[in-house]
Amino acid sequence: MPSVRGVTYLLTGLLTGLSLIIAVGAQNAYVLRQGLLRNHVGVAVLICAAADIALIAAGVAGLGAIVERVPDLLTVLTWAGAAYLLFLAFSAFRRAAGKEQLDPSSVPASTLKTVALTTLALTFLNPHVYLDTVLMLGSLANAHDGTRWYFGAGAMIASVVWFCALGFGAKVLARYVRKPSTWRVVDTVVGVVMVLVAVRLLTM
């Protein structure tokens with residue numbers, strides 16, 4: 001059974017993880033949209049949470065030091081991620097402008113493969129994912145020395161809780177956002193988020 005000190009660091013990791021994960025980003029925007037569409041929500045949530053758990057574990061285990069020594073990798077990911085985000089933004093703005101049918105009930109749902117690959121791309125082509133999980137959370141966890149895995153476990157729990165709440169919470173609200181006008185707003189917001197994240201990647 002974890003000690004009081006262990007529980008304290010677990011809660012610290014939980015709150016720290018939430019503070020990083022809840023920030024508006026492309027990954028969150030995509031999970032939210034899939035939740036509202038009720039389209040393979042579980043797959044998107046599972047991939048996001050599992051990826052965070054793996055990356056946080058890698059950071060706690062000390063992989064952050066290795067990542068810092070290969071800046072060229074982050075550069076490649078930055079340009080590839082920005083290009084992909086701008087493509088997704090274009091698609092979202094196209095939908096919002098009425099170039100594509102906005103009524104989700106009349107649009108063929110994305111296939112399981114498409115949702116999985118898009119979620120993986122948004123996760124692993126974003127350098128901030130590595131900076132936040134492997135480097136930042138990894139460094140903070142290792143600063144706690146003997147209780148680093150409690151801190152890491154807290155951050156992992158934060159990721160699971162957040163993505164489940166975001167994806168399945170949106171799924172519950174889907175029945176209230178069936179109007180095309182609502183979807184114009186949703187797709188416009190998603191497009192803006194994608195552009196802002198792409199610009200941030202290229203100017204960081």
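The crossing of α2 and α3 is left-handed, a term used when the near helix is turned anticlockwise from the far one by less than a right angle, whereas clockwise would be right-handed. This is a predicted model, in which local features need pLDDT of at least 70, side-chain atom pairs count only at pLDDT 80 or more, and totals for chains, interfaces and linings use all residues. Residues are numbered from 1 along each chain as its sequence is written, and side-chain values use heavy atoms, with hydrogens and water left out.

The contact (heavy atoms within 4.5 Å) is made by Q27, V31, Q34 and G35 of α2 together with V41, A44, V45 and C48 of α3. Of these residues, 5 are nonpolar, 3 are polar and none is charged, where Ala, Val, Leu, Ile, Met, Phe, Trp, Tyr, Cys and Pro count as nonpolar, Asp, Glu, Lys and Arg as charged, and the others, Gly among them, as polar.

V31 also belongs to the largest nonpolar core, which has 31 residues, and is listed with L85, L122, F163, V190 and M194 as having the most contacts inside it. Such a core is a set of buried Ala, Val, Leu, Ile, Met, Phe, Trp, Tyr and Cys residues joined through side-chain atoms within 4.5 Å, and buried means under 20% relative accessible area (1.4 Å probe, protein chains only). The helix that gives the most to this core is α9, with 8 residues, helices being DSSP runs of H or I with at least four residues, numbered from the N terminus. Leaving aside residues up to four places away in sequence, M194 touches A26, L85, L88 and A89. A second, separate core of 7 residues includes I56, V60, F151 and M156.

Definitions and conventions: Buried means under 20% relative accessible area, exposed over 50%, partly exposed in between (1.4 Å probe, protein chains only). Helices (H or I, at least four residues) and strands (E, at least two) are DSSP runs, numbered from the N terminus.
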